[in-house]
Amino acid sequence: MIGETAVIGARVRLYQHVTLGARTPRGDDPDRPRTRYARHPIVEDDVVIYAGTTILGRVTIGAGAMIGGNVWLLEDVPPGQLVVQPEARVHDHATDWRPHDG
């Protein structure tokens, strides 16, 4: 999903289920025409955003940055940076995890 005020540069690759969304409401008022606020991300040139990523708010993803899969992002990313989520960990079911009783 790409929000109405998102800005997407040249040669940007977006994989499936990427959201470029807003963190604030649209600003609709029944007594006046709708006002548009720049509420969605700016994605600069040559950025790659992998599957399942959610980027919310008027943040800027700098040129040449790479955003890994399933990342939840609410802050600017400098040009050329790599952003990934923490690695999943395997827990021993018998010792590390207990179901909730009740």
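Reader: Is Tyr-15 buried, partly exposed or exposed?
Author: Tyr-15 counts as partly exposed, because its relative accessibility is 33%. Buried means under 20% relative accessible area, exposed over 50%, and partly exposed in between, with a 1.4 Å probe and protein chains only. This is a predicted model: local features need pLDDT of at least 70, side-chain atom pairs count only at pLDDT 80 or more, and totals for chains, interfaces and linings use all residues. Residues are numbered from 1 along each chain as its sequence is written, and side-chain values use heavy atoms, with hydrogens and water left out.

Reader: How many aromatic pairs are there?
Author: The whole structure has 1. Tyr-15 and Tyr-50 are stacked, at 4.9 Å centre to centre and 5° between the planes. Rings of Phe, Tyr and Trp (its six-membered ring) pair if their centres lie within 6.5 Å; planes under 30 degrees apart count as stacked, over 60 as edge-to-face and the rest as tilted.

Reader: Which parts does the pair tie together?
Author: Tyr-15 is in the loop between strands E2 (13-14) and E3 (19-21), and Tyr-50 in the loop between E5 (48-49) and E6, so the pair ties together parts 35 residues apart in sequence. Strands (E, at least two residues) are DSSP runs, numbered from the N terminus.

Reader: Where does Thr-54 lie?
Author: Thr-54 lies in strand E6, residues 54-56. Thr-54 counts as buried, because its relative accessibility is 14%.

Reader: Which residues is Thr-54 in contact with?
Author: Leaving aside neighbours within four places in sequence, Thr-54 is in contact (heavy atoms within 4.5 Å) with Thr-19, Val-71, Trp-72 and Leu-73.

Key:
Helix = DSSP H or I, 4+ residues; strand = E, 2+ residues; numbered from the N terminus.
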